[in-house]
Amino acid sequence: MTRPRPAVRAANLLLLAVLLWAGSYRVGRLPPLGALLDPVRGAWGLAATADLPRRADAALPGLGAGVRVVYDDRAVPHIFAASELDAWRALGYVTARDRLFQLDLQARAGGGTLAELVGTPALPLDRAVRELGMARAAEHLADSLPDTSEAGATLDAYAAGVNAWLDRMPARALPLEYRLLDRRPVRWSRLRTVQVLLRMNYTLARSTTELDFLAAAAAVGDSAAAALFPLHWPIQEPLQPAPGEPRRVPLVVPPPGAPDSVAATFLAAFPPLHASRELGSNNWAVAPARTRDRVALLAGDPHLDLTLPSVWYEAHLVVPGVVDAYGVTIPGLPALVLGFNRDVAWTFTNTGADVMDRWAEVVDDSVNPLRYRLDGAWVPLERRLEVYRGSRDEVLAVDTLRFTHRGPMRHAGAGWLSLRWTALESAGEVAGLHRAARARTVHEWMDAMAGFASPPQNMLVADRAGTIAIRSTGRFPIRADGGRGDRVLDGTTRASDWTGDWPVAEYPQAADPAQGFLASANQEPLDPRDQSRYLGADWPPPWRALRINALLRADSSVTPETMRRWQTDPGSARADWYVPYFLAAAAAHPGDSVLAQAATVLAAWDRRYTAESDGPVLFEAAVRATDALLWDELPPGVTPSPAAFVALLDDPGNSWWDDRRTPGRRERRDDVLAQALTDAYLTTVREYGPPELLNWSWSRVHRIDIWHLLRIPALSARGIAVNGGPSTLSPSSVTGASEGPSWRMVVELGDELRAWGTYPGGQSGNPISRRYADRIPIWTRGELSALRFPRTPDDVGAAAVLVLVPGSAR
Amino acid sequence: MKRVVLVALLTAGATAAAGWWTVPLVAGAWTRVARRDRHPVRSAAVGAALAWALLLGIGALQGPVGAVARRLGGTLGMPGWGFVLLTLLFPASLAAAAAQVARPAVPR
């Protein structure tokens with residue numbers, strides 16, 4: 001052995017130091033390599049936890065008695081417990097075992113602490129959430145739940161279950177995402193469940209109607225803006241059946257007017273809004289009189305952001321003599337949100353009611369206000385410091401938030417706007433869902449859910465007695481003097497405050513209608529003729545509602561298989577409505593050979609968004625081209641409600657059709673539609689070649705991406721070809737789509753209830769597990785899996801068993 | 001060869017018992033102790049890689065390590081085999097550097 005030269009020794013010392021550093025600390029985006037690559041405790045250890053062990057035992061603090069969790073062949077836990085609290089405790093444990101990182105991320109998203117997990121890029125998201133008052137509200141709501149209340153006790157039991165898993169989780173089971181981020185999970189609490197609930201509200205019940213209106217009014221004045229974001233759709237197919245539907249409601253779009261300078265004052269603070277993403281949901285139920293087997297049928301599919309792992313987690317809870325219910329939970333929320341028990345099935349769509357209003361406030365200092373003006377007096381603002389921390393616990397920013405008696409107030413352009421939102425004022429939804437899960441009839445179920453506040457949902461229920469019913473349930477505020485919530489209100493007087501809430505009897509609802517079916521698809525819930533008060537504005541288009549109602553009217557012998565097929569029906573009421581106008585415009589411009597070719601393709605299309613179809617490619621391009629030509633009066637980023645477009649289709653001479661960029665010429669509807677169709681055809685030929693090359697298939701243009709929660713490509717499922725498109729029953733955006741049916745369920749309420757369902761993902765949040773994305777192929781094909789609904793543990797056909805016993809977890 | 005196997009077993013045991021950071025300790029100690037080994041640096045490096053390969057092999061009996069390689073490799077922008085290679089090169093480099101540093105300062 002020879003003595004190494006000093007230079008060699010020094011170089012090796014340096015190399016060793018670098019390797020130890022890289023092994024212990026993050027280097028750029030690389031996680032600490034030692035902890036990652038260690039074959040025992042590192043990421044390789046995830047292989048050993050990829051599948052559930054055939055048999056596992058664990059002690060769970062606080063359990064009243066032993067709990068048996070039996071997993072079926074789809075990795076769904078069937079939880080058999082002696083009490084409901086034990087069941088929720090066990091659910092917390094198994095959810096954490098399968099979805100720990102997702103739990104943490106969702107709670108942080110609702111509490112505005114994402115940057116602590118993922119770093120500075122999340123700071124704008126954290127700010128957006130906290131400026132809405134969500135962090136403050138979550139703290140207040142969590143503290144306000146008495147420990148002895150059903151909601152408080154349930155949230156605490158669930159938290160104990162999650163924390164029991166954290167305490168006994170082997171090092172090798174630490175989720176991959178924590179290893180990549182070099183972070184550790186934090187303990188669960190009821191506060192974090194409330195944050196998850198608020199996050200769901202952020203997705204579903206945040207309304208921007210006033211801001212949409214402001215953006216339009218700043219460009220074309222109040223009168224025109226009001227029609228661009230109208231109170232009612234000109235086509236009505238409400239969920240509360242009304243005779244003679246679908247019905248037309250007159251909507252006149254006044255010509256563009258002078259810009260509204262007051263609106264412009266506030267607008268500068270807000271980004272372009274009204275993004276047209278296909279978030280929404282469908283549900284429908286059929287009474288026995290219209291089904292083949294004379295039993296009630298129910299179907300539901302909520303459309304949300306599609307992620308890996310999925311937003312949903314399937315579970316079955318059995319507490320003998322108390323509850324026996326199956327459904328999907330949101331990780332972090334101890335409740336079966338959508339599902340069924342032995343007698344009743346239920347599913348929701350988002351109501352989209354306006355439950356968030358804004359007030360223009362007068363303050364004592366335009367930069368750093370301490371007081372606001374109210375009924376002629378100055379009232380102190382509540383102030384709260386929001387400290388935003390990064391992933392190394394460093395302070396990224398500190399904001400002072402201000403609150404009026406209504407809620408959070410923020411600087412908006414040259415003024416200040418305060419906000420009130422029902423979501424910030426209720427956290428008791430869990431108890432209602434629990435009572436509903438125990439219901440034996442539709443009426444019991446509806447009574448149990450009457451107090452559900454937020455986010456408002458169109459709750460569809462059916463029972464084995466054959467009753468079907470629907471109700472838009474939520475806390476709907478009543479505005480002063482019968483006013484509306486889609487305008488910025490005067491903050492200087494309490495007279496413009498909310499004066500109360502709608503009584504439940506006035507909610508949009510129907511039970512056992514003469515037509516024999518009920519359906520909702522986020523459309524305006526009530527016919528304007530039946531509306532005594534303002535419920536909302538700028539409702540989503542009724543296209544899906546029109547389609548499903550047409551299918552339901554045409555079939556008086558519905559089966560579960562029919563229901564399943566309808567969930568992915570590629571037909572489009574929107575295309576049925578628009579295409580004739582394009583074809584008529586082409587016919588009005590004879591002699592244009594390009595236009596004629598485009599019209600030939602469009603006329604040959606069956607208006608179904610199937611993967612191989614070429615028509616949707618041209619049609620969607622034509623709709624985009626029409627938007628570009630039609631809305632030239634508006635600033636970029638502001639696209640009016642499609643309701644305004646529908647109204648203008650029947651008003652061919654309206655000045656909105658005129659293109660201001662062609663002075664000396666006044667365009668009419670057919671000129672614009674013909675030009676748009678021509679532009680679309682030429683663009684499509686440029687991109688895909690002439691149609692005879694058969695390169696225009698919808699699946700070339702339209703693909704679904706199911707992103708991992710951290711948008712890591714290697715952990716995502718991308719480029720999935722599916723049927724459907726904008727406003728079909730299985731909807732998705734044209735390009736860059738990452739939303740769609742997040743859970744599909746069909747329930748047959750016969751003597752013995754049967755159900756089928758699936759979601760695009762898998763039960764496990766571990767990307768190494770075969771249960772991480774195993775359901776995506778089934779979902780892509782539009783198929784459903786039979787859902788096992790056993791009465792005893794022995795009936796499950798166990799793939800794995802977890803036995804939980806009372807005791808200390810450590 | 002026997003020496004390499006011995007180092008591998010020592011490294012594997014230490015890694016399993018305490019963690020990745022024991023790799024340079026075992027390598028350094030080996031260099032100091034194994035006076036008859038004419039190539040202690042090579043033994044330490046190859047032994048460390050072999051040790052982690054052995055542990056990966058044991059892991060493969062418990063679950064899909066191929067899936068780990070594919071997913072993790074993809075996350076770090078490399079193929080699955082690249083991630084396996086990185087996993088073996090890391091302890092080898094650690095051991096080699098530690099062994100070099102730990103070599104006796106006086107010729108024997």
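**Close-ups of a predicted two-chain model**

**View 1. Where chain A meets chain B.** The contact draws on 32 residues of chain A and 36 residues of chain B; two residues count as touching when their C-beta atoms, placed from the backbone, lie within 7 Å. On chain A's side, helix 1 (6-24) and helix 2 (33-37) each put in at least two residues, and helix 1 of chain A gives the largest share, eight residues. Sorted by class, chain A's side has 23 nonpolar, four polar and five charged residues (nonpolar: Ala, Val, Leu, Ile, Met, Phe, Trp, Tyr, Cys and Pro; charged: Asp, Glu, Lys and Arg; polar: the others, Gly among them).

This is a predicted model, where local features need pLDDT of at least 70, side-chain atom pairs need 80 or more, and totals for chains, interfaces and linings use all residues. Residues are numbered from 1 along each chain as its sequence is written, with chains lettered from A and ligands numbered from 1 in written order.

**View 2. The fold of chain A.** Chain A has 22 helices and 33 strands (DSSP runs numbered from the N terminus: H or I of at least four residues for helices, E of at least two for strands). Along its principal axes, the C-alpha trace of chain A spans about 90 × 75 × 70 Å. Of contacts in chain A between residues at least 6 apart in sequence, 71% link residues at least 24 apart.

View 3. Chain A averages a pLDDT of 93, with 98% of its residues at 70 or more; pLDDT is the predictor's per-residue confidence, from 0 to 100. Residues 272-276 of chain A fall below 50, and beyond near neighbours in sequence this stretch has ten contacts in the model.
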